[in-house]
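Please consult the sequence and structure shown below.

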Amino acid sequence: MVMELFFDLIHEPAEAFRRMREERRWGISILLPLLGLFSLTLSFLILWADKEMARRFLTWGLVLLWTLWILQWVGTTPLLHLSCEIMGGRGRVMDLLILYPVVLLPFFLLPAFSLISLALGRWLFLFGFVFCSLWSMSLSVKALRYNYALEKERAAGALLLPGAFLFGIGILSLLLSAIAFAFM
Amino acid sequence: MNKRFISIAILTLYTASVLTGLWVILGRRARERKEAVSLGSLVRKTGEKLAVVEIFGPIYMSQRSTGFIKADAERTLRRLKRIRKDPSILGVLLKINSPGGTVAATQEIHAELLKIKKSGKKVVASLGDVAASGGYYVACAADKIVANPGTLTGSIGVILELWNFETLLKKIGAKTETIKSGARKDIGSYARTMTPEERQALQELIDNAYGQFFQAVSEGRKIPKEKLAAFADGSIFTGAQAKEAGLVDSLGGSEEALEVLVKETKIQGEPQMIEGGEEPWERFFDLIPFQERSRTNPLLQNLLPNQRVRFEYILE
């Protein structure tokens, strides 16, 4: 099922989104990130970890990552929903909650990239990581377009808006902290 | 059909890459072997600990008592005290890359290292690019000193540099008004030429501080004073020259120094290395550019060099 979804996301993303939304695939929305994070973690471990570190990461590290993802998922979706509404879109936040985890699907490819990198050079992993990240972003934009009937540019803007806002807040906080310490 | 075939192909590729990845990780021992070699080809983990302490950059104390951020010397001291009180730590690898610093800060670290040795732990110093003057003073407290052949070290001496702007101030028609409680209260003032008596007084201070440095090197390195006097004139040496002079024990990098420490501590197995030691907030605040504020008039601060009178064991 996940692999069929994977196939649809390559060829017909809209069809994949439609199926997930209409069939209310909550199980996929919860399990898919687990597999995505497992793949992401595994790909790093293949290249950089020893046995002991891998054992620890694949148990507690993965549980921690997954928990963080769930928090991020539940936290980010309403922000994206708000962002899309600001951009003029109309859609349901529950639908977005179901669709959003597909952004982790491209990271399924990373273990393969890691193995190739082991043979051909680690720079290739960086290429693979950038490729998967860009694909993931592209899927996010498509999901927002589909769910909120937005134009491509507006969907991209909606995706970047929460990040840009948080980045701005972060920079401002750092500046204020630096100023405060300079006057201490 | 085509879709099903591609789906199965994707699934197979994914499963194969995951299984191969797990096999690569679980079968991996190269890194573990490499670590064992780096620790002297030892084979058994013992749980005994060695601490790594880094002394990088100038050695000085904070000039204020409050605030989250302490100068490196204070952090180092705090770390060394913790190490001294921890019975599970058997030795300290002291990585030094420092041109020296203020006399008191240097001596305080040196004294703490001597206390660590007295508590039964071993200390081995590994000298990096530069371990001169105060950087070398600190190293003298170690049981063994390992330097790279090209390390700059030595520079045994004390320095006090003061600026004299009397002529310049006269030219621009400026002068300072000094009200003082005693004749020597403004000793080292940039606004006037030093008197011979003041020079003599400062020279005595310098000689006294130099005597302390000389004593520390002589005792730490077990070099007779007559022999040490021949090269303790502020001269800088490479690591190779320093070894000939007896200022260091052997040549090598931090890996070799670690091997020496493992031998000194007689650990029969792979020790656990303890690094870092900063508090979490220190790591966070290190990210923010920060400088201690000077109390000098901002206008003068831009015009004049920092004219604080302080003695330094430092390589200029």
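## Surroundings of Tyr148(A)

Apart from neighbours within four places in sequence, Tyr148(A) is in contact with His81(A), Cys84(A), Gly89(A), Arg90(A), Gly91(A), Arg92(A), Val93(A) and Leu96(A), where contact means heavy atoms within 4.5 Å. Tyr148(A) belongs to helix α7 of chain A; helices (H or I, at least four residues) and strands (E, at least two) are DSSP runs, numbered from the N terminus. Between Tyr148(A) and Arg92(A), 56 residues apart along the chain, the C-alpha separation is 7.9 Å.

Is Tyr148(A) buried or exposed? Tyr148(A) is buried, because its relative accessible area is 1%. Buried means under 20% relative accessible area, exposed over 50%, and partly exposed in between (1.4 Å probe, protein chains only).

## Basis of the model

This is a predicted model, in which local features need pLDDT of at least 70 and side-chain atom pairs count only at pLDDT 80 or more, while totals for chains, interfaces and linings use all residues. Residues are numbered from 1 along each chain as its sequence is written, chains are lettered from A and ligands numbered from 1 in the order in which they are written, and side-chain values use heavy atoms, with hydrogens and water left out.

## Composition of the two chains

Chain A contains eight helices and zero strands, and its elements follow the order α-α-α-α-α-α-α-α from the N terminus on. Of its 184 residues, 43% are buried. When contacts in chain A between residues at least 6 apart in sequence are considered, 71% join residues at least 24 apart.

Chain B has twelve helices and ten strands. Buried residues account for 40% of the 316 residues of chain B. For contacts in chain B between residues at least 6 apart in sequence, the share joining residues at least 24 apart is 78%.

## Helices α6 and α7 of chain A

Helix α6 (residues 110-120) of chain A packs against helix α7 (residues 123-148) of chain A at an angle of about 160°, and their axes are 7 Å apart. Axes are lines fitted to C-alpha atoms, for helices over the stretch in contact, and angles run from 0 to 180 degrees between N-to-C directions. The two helices, α6(A) and α7(A), are therefore roughly antiparallel; angles under 35 degrees count as roughly parallel, over 145 as roughly antiparallel, 65 to 115 as roughly perpendicular and the rest as oblique. On the α6(A) side, the contact involves Leu110(A), Phe113(A), Ser114(A), Ile116(A), Ser117(A) and Leu120(A). Their counterparts in α7(A) are Trp123(A), Leu124(A), Phe125(A), Phe127(A), Gly128(A), Phe129(A), Phe131(A) and Cys132(A). By class, the residues of this contact of α6(A) with α7(A) are eleven nonpolar, three polar and no charged. Ala, Val, Leu, Ile, Met, Phe, Trp, Tyr, Cys and Pro count as nonpolar, Asp, Glu, Lys and Arg as charged, and the others, Gly among them, as polar.

Within α6(A), the buried residues include Pro111(A), Ala112(A) and Leu115(A), as well as Leu110(A), Phe113(A), Ser114(A) and Ser117(A). The cover over the buried residues of α6(A) includes α3 (26-48) and α7 of chain A, together with α1 (2-26) of chain B. Gly121(A), with a positive phi near 130°, follows α6(A).

## Helices α3 and α4 of chain B

The axes of helix α3 (residues 72-85) of chain B and α4(B) come within 10 Å and cross at roughly 10°. That makes α3(B) and α4(B) roughly parallel. Ala73(B), Thr76(B), Leu77(B), Leu80(B), Lys81(B), Ile83(B) and Arg84(B) of α3(B) form the contact with Ala105(B), Glu108(B), Ile109(B), Glu112(B), Leu113(B), Lys115(B) and Ile116(B) of α4(B). This contact of α3(B) with α4(B) comprises eight nonpolar, one polar and five charged residues.

In α4(B), Val103(B), Ala105(B), Thr106(B), Ile109(B), His110(B), Glu112(B), Leu113(B) and Ile116(B) are buried. Just after α4(B), Gly120(B) has a positive phi of about 100°.

Ser133(B) is not a glycine, yet its phi is positive, at about 50°. Ser133(B) occupies the loop between β4 (122-132) and α5 (134-139) of chain B and is buried, with a relative accessible area of 1%.

Lys222(B), likewise a residue other than glycine, has a positive phi near 55°. Lys222(B) is located in the loop between α7 (196-221) and α8 (225-229) of chain B, and at 70% relative accessibility Lys222(B) counts as exposed.
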